[in-house]
Amino acid sequence: MTRTPSPSRSAATLHDVAREAGVSLATASRVLNGSTRKVAESYRVKVEAAAAQLGYTPNLSAQATARGTSAVVALLVADIADPYFGQLASGVARGADEAGLVVTIAITERDPQREVALVRALRGQRPRGLILAASRTSGPDAVGLDAELDAFQGMGGQVVMLGPAPEGIRSVAVDNVGGARALATRLRELGYDEAIVIGAREGIQTSDDRIDGFTRGFTAGGGRIREVVRCGFTRDAGYDAAETLLAGEIPTGTVIFGISDVVAIGVMSAVRDAGREVGTDIAVAGFDDIATGRDIRPGLTTARVPLDELGYRALHATIDEEWDAAQPALAVEPVVRGSTPARV
């Protein structure tokens, strides 16, 4: 006789399933909580049938204990409102769905100590893997992260970083230096002689690499960097930095490079609010190629990062036992749009 759980009765327990299937509690646990220990197929069928009849929902904590890790991959991002991380997360989710995993997202707010605290908290939930998508920060504020990551891996989880990583940590890299250098070289070919760079504070690896690559590419072609402004990775940071710059003298034909598209979009808004024109007056370029940059007018010149592929590759670096650590960094290519019209 089939039993249908009443809405008013309490949720079925593992003990209920074991009793219904006529097996021991240990056997029921091995079937439903993902233990690696073998269970006879006849018992497995009975347990799964009993669980379905009773509407039993597995205890995720018990599953994590049985397996050593849960069927979850944790993704740490700096800012969920930034489209960069949204497109990246899409690639992670695509790979996780194919692997039968669930993605949980935590936000670091680009605070190194918050990042340390989140890793420590996640360690107690035993996710199968941890992807650190926020740019790695050097300096005293980042103290404690390496120890937490070692402890996470010591419990059986796999850590993956986007960009440079300490020894023993898997890394999925983007060629930030080469991509920024290629973008700067292209801008020189379009006839731009002077540039201003707006980046994040020193010590944030992604920003430092993009500033370095852009500076090398622009000056190698005979261009001059008028100024490097350090602010943040947000739209408002780009706006505020450009507003201050535009209160002074910025000659027509100068190109302002924001180290992310979000920063560059803030710059474009400040240029318009200052009564100047984006493109023919003040040129603007970004980095990442988020979808918004393609839709605004004029379209934003940028360096295209394959964000979906980056997330997908990071997921597989988390779960693939035979993952190839020697694979090259993802290539980044310049994309010219109306925000940097040719001056030659």
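In strand E7, Val228 is the bridge partner of Val197, and that pairing is a handy way into this predicted model. The strands involved belong to an open, parallel sheet of 4 strands; another open sheet, also parallel, has 5 strands.

**The four-stranded sheet**

- Reading across, the strand order is E7-E6-E8-E9.
- Strand E7 (224-231) and strand E9 (283-285) sit at the edges, and each of them pairs on one side only.
- From neighbour to neighbour, the strands here are turned by 20° on average, if you ignore direction.
- Helix H9 lies across E6, E7 and strand E8 (255-258). Its direction is at about 170° to that of E7.

**The five-stranded sheet**

- Here the order runs E2-E1-E3-E4-E5.
- Strand E2 (102-107) and strand E5 (170-172) are the edge strands; each has a single partner strand, so one side of each is left without a neighbour in the sheet.
- The twist from one strand to the next averages 25°.
- Inside the sheet, strand E1 (residues 70-77) and strand E3 (residues 127-132) pair in the parallel sense over 5 bridges.
- For a landmark in that pairing, look at Ser70, which stands opposite Pro127 in E3.
- Helix H5 (residues 83-98) packs on this sheet and touches E1, E2, E3 and strand E4 (158-162). The direction of H5 makes about 155° with that of E2.
- Helix H13 (residues 307-319) lies across E1, E3, E4 and E5, and runs at about 155° to E4.

**H8 against H9**

- Besides lying across E6, E7 and E8, H9 (residues 205-220) has helix H8 (residues 176-189) as a partner: their axes come within 7 Å and cross at roughly 35°.
- The crossing of H8 and H9 is right-handed.
- On the H8 side, the contact uses Asn176, Val177, Ala180, Arg181, Ala184, Thr185, Leu187 and Arg188.
- On the H9 side, the contact residues are Thr206, Asp209, Arg210, Asp212, Gly213, Phe214, Arg216, Gly217 and Phe218.
- Sorted by class, the contact of H8 with H9 has 6 nonpolar, 5 polar and 6 charged residues.

**Aromatic pairs**

- The structure holds 3 aromatic pairs.
- In one of them, the ring centres of Phe214 and Phe218 are 5.6 Å apart and the planes are at 10°; that is under the 30 degrees cut-off, so the pair is stacked.
- Phe214 and Phe218 are 4 residues apart in helix H9, which means about one helical turn separates them.
- Both Phe214 and Phe218 also show up in the H9 side of the contact with H8.

**H1 against H3**

- Helix H1 (residues 14-21) and helix H3 (residues 41-54) pack with their axes 8 Å apart, at an angle of about 120°.
- That angle makes H1 oblique to H3.
- H1 passes H3 in a right-handed crossing.
- H1 brings Asp16, Val17, Glu20 and Ala21 to the contact, while H3 brings Lys46, Val47, Ala50, Ala51, Gln53 and Leu54.
- The residues of this contact divide into 6 nonpolar, 1 polar and 3 charged.

**H6 against H7**

- Helix H6 (112-123) and helix H7 (residues 145-154) have axes that come within 9 Å and cross at roughly 15°.
- An angle under 35 degrees counts as roughly parallel, so H6 and H7 fall in that class.
- The crossing of H6 and H7 is left-handed.
- From H6, the contact takes Glu115, Val116, Val119, Arg120 and Arg123; from H7, it takes Leu145, Glu148, Leu149, Ala151 and Phe152.
- By class, the contact of H6 with H7 has 6 nonpolar, no polar and 4 charged residues.

- Arg126 has a positive phi of about 50°, although it is not a glycine. You'll find Arg126 in the loop between H6 and E3.
- A cis peptide bond joins Arg297 and Pro298, with omega at about -5°.
- Pro298 lies in the loop between helix H12 (291-295) and strand E10 (302-304).

Methods. Residues numbered from 1 in each chain as written. Predicted model: local features only at pLDDT ≥ 70, side-chain atom pairs only at ≥ 80, totals over all residues. Heavy atoms only, no water. Axes fitted to C-alpha atoms, helices over the stretch in contact; angles between N-to-C directions. Helix = DSSP H or I, 4+ residues; strand = E, 2+ residues; numbered from the N terminus. Parallel < 35°, antiparallel > 145°, perpendicular 65-115°, else oblique. Left-handed = near helix turned anticlockwise from the far one by under 90°. Contact = heavy atoms within 4.5 Å. Nonpolar A, V, L, I, M, F, W, Y, C, P; charged D, E, K, R; others polar. Pairing = 2+ DSSP bridges. Phe/Tyr/Trp six-rings, centres within 6.5 Å; stacked < 30°, edge-to-face > 60°.
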